[in-house]
Each structure stands twice: as structure tokens, then as C-alpha cells.
Amino acid sequence: MTFRKAAFFIVITTLLLCIKASVSFGKLKVIYETDMDTDVDDAAALAMLHALADNEEVELLAVMHNTSDDFGPGYIDAINSYYNRPDLPIGSYKRDDTYSRDIATLLNCCPEFTRPIVLDPFFEGDVRTRADVADSHQLYIDILQGVPESSVTIISVGYMLNLEYLIKDPVGLELVRRKVKELVVFGGGWMPQDERHVLKMNLGGQQINHTAGMAAMHVFEHWPTPIHVNANRISKEYYQGERLKETPKNNPVREAYRIYRHNKEHWNRHLADMSAAYYAVFRNRKPEYWTLGSRGTPRVGCTRDPIIHFYSIWDTAEDSQHVHWSVNPGKFEEISEHIEDLFVQPPALKD
Ligand SMILES: [Ca+2]
């Protein structure tokens, strides 16, 4: 190689490395908080985040499991392994006081998909139960200590128990204040009118899990950085999931939908948790997709009413850093199709 050619090669290589570094710098750093096994949208939302990571739009830092159900972490590991990220850190809530399976038992619904997939050697992964993964609290501390200021987005689509205990610890609270840019939540129903809404399932439901309801109450009152909570959801005619049938049988998300929807006429299911993950990634790049409501504080209240124990209410305050967001109904079709494109996207090839 001549000197001129070598110099040209070095310049081009340096340029490409700089471009790659700048793209990498722009990736959204995400920690995903899930009550895996309450519903299958948690699974598809995680698949979607893996696809977005494959597409260089997201950097997944960790997945945190936030209930006392044992097999959620093993199932999360099955998804991570399927997407060729078997070493992606997983943390879990470790106390034995808040089971999301309670609602399934109570309503005689919602087939359990985590246990059968974790125990089936056909699916990848070497984690079984909560005992095999880190305590979410310590994992949060370790991760947040190692990231730049105001760089992390937490997407919370389950109970808030991990987050509650994180910010009850002064060290954790200070790390969140410094390192967490925002908390994006699905589990709302917050609207600006002075009206109470029944607390939604992602946050524990109206009366199912008292510990989860109390956790949401604490987090919304004390979280030190901006919170973005949903006010609506993508309506039923745009539900997705049927195309998972086109994916390989060892795809644990496909299997979850097969188990969950086996006696239904199709596999389409709501896009609740996916919409929050989608909002977190595309809220700035696609502002026409969203409607932002008034600023204020999402609050969870508690009554002694024999029917409704927990409720949510939006406490409007223009100087608040928190906001509620809605998906633009005119974009339901476009967004729902893109969400499904992402969660059926084949995993990137291994290096
Ligand atoms: Ca959920």
C-alpha cells in the first residue's frame, strides 16, 4: 500500500469510528421495569426494546423484575438470550409480599406463561427464578454509579416496588436525582379533570396488591426527576400480536402469546406497555405522535371504600416537572403497525 493510500485509509477509518461513536452517544440508555407474567404486553415490549437496540436506537442497561413471582426473571433471560444478549443484567424484587399472579387467580384468567417456558429446555437461557439474579436495589446502585449525569430513562410498566425501595435509600435517591433523566410510566388513566380513576393494574390494581399501591403512592410523591405517565391507550381495533405466528417456534415471545391466547380466535393483544416504551424512544423524534397534557403530579390515593381502595388523580400544577401524555388517535394505526414490526423483527445475528 502506498503512503497516500495508507493515509487515506486511516482518515476514512477514523471518520467511520467517529460516526459510530456519535451514533452510539445518541442512543437512549434504558432500564426496563416489568411485572412480567401479569400480561403478555410486557414480553412484547421487551422484544421491541431488543429490536430497537439491534437498530442502534436504544442501549439496554438492565431489565428489572418487580413482583414476587418466581419465574419472571427466568423468562426475561429467555428473551434476552433469544435476542443474543444472554448477559444483559437482570435484577429482581426479592421480598415475598406482592404476587402479580394474585389477580390471575382471583379472576380465573391470564394463563401463566413464564413457568412453562422457563422449565422447557427448548428455550434458551440459564436463569430460572428470582434466586438466580441480582437484587434490583444493588443492581440499580451499581449501574447508576457508572453512567453519565442525567442519562438514563427508566420505563416502568409494572409495579413500583423496586423504585420505591431505591428512593427510600438516601444513596439511591441521590443517584436517581443525578443520573435518571426521566421516568416513563404506563399504568395511568390520569386526566386533567378533578376526577378519581380506579388504579390500573400495572400499578397494583384497585385493591389487589396493597403493597404495590402503596409503592406507587410513594414513588409519585417523592420521585426527584420528571415523570411521564400515560393518559390513554391505543384502542382495541389496533391490537397486535398475530404476526408472532410467523416467527420461529423457539421465540419465547411467540410462545407466551400462544399460551396466553391459545383458546382465542387470534393472538392480537393490547399495546399498553409497548406504547410507553415507544413513547420513551420516539417522543422527541415524532412529536406529532403524542399529545402532552397539563403539568402536575400524578397521585395515588387510598380510601376505606369497600370496593375501591386505591385510585389515581392528576393534581394540576403548572410549575411541576411531571407531565401526562396521550397517543394521538390519528396515529394509532401507524404506531401500532410499527410496534408490531419491531417486536416480530428477527434478532440481529451474533457477532
Ligand atoms: Ca405490565
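Which residues in α6 meet which residues in α8? In this predicted model, Y140, I141, L144 and Q145 are the residues of α6 that meet V171, G172, L175 and K179 of α8. Sorted by class, the contact of α6 with α8 holds five nonpolar, two polar and one charged residues.

| Helix pair | Residue ranges | Angle | Distance between axes |
|---|---|---|---|
| α6 and α8 | 136-145 and 170-179 | about 40° | 10 Å |
| α2 and α12 | 41-54 and 332-343 | about 75° | 7 Å |

The crossing in which α6 passes α8 is left-handed.

For the second pair, the angle of about 75° makes α2 roughly perpendicular to α12, because angles of 65 to 115 degrees are classed in that way. On the α2 side the contact is made by A44, A47, M48, A51 and L52, while α12 contributes I339, L342 and F343. The classes here are eight nonpolar, no polar and no charged residues.

One of the α2 residues in that contact, M48, also belongs to the largest nonpolar core, which has 95 residues and in which V30, M48, L49, I79 and A277 touch the most other members. Helix α2 supplies the largest share of this core, namely nine residues. Leaving aside residues up to four places away in sequence, M48 touches M274, A277, I339, L342 and F343, and of these partners I339, L342 and F343 are the residues through which α12 meets α2. As general background, nonpolar side chains in soluble globular proteins tend to be buried together.

E56, placed in the loop between α2 and β2 (58-65), has a phi near 65°, which is a positive value in a residue other than glycine. Because E56 has 13 C-beta neighbours inside 10 Å, it counts as partly exposed, the limit for an exposed residue being 12 or fewer. S150, which lies in the loop between α6 and β5 (152-157), likewise is not a glycine and has a positive phi, of about 50°. With 12 other C-beta atoms within 10 Å, S150 is therefore exposed.

How values were computed: Residues numbered from 1 in each chain as written. Predicted model: local features only at pLDDT ≥ 70, side-chain atom pairs only at ≥ 80, totals over all residues. Core = buried A, V, L, I, M, F, W, Y, C linked by C-beta atoms within 7 Å. Buried ≥ 20, exposed ≤ 12 C-beta atoms within 10 Å, placed from the backbone. Helix = DSSP H or I, 4+ residues; strand = E, 2+ residues; numbered from the N terminus. Contact = placed C-beta atoms within 7 Å. Axes fitted to C-alpha atoms, helices over the stretch in contact; angles between N-to-C directions. Left-handed = near helix turned anticlockwise from the far one by under 90°. Nonpolar A, V, L, I, M, F, W, Y, C, P; charged D, E, K, R; others polar. Parallel < 35°, antiparallel > 145°, perpendicular 65-115°, else oblique.
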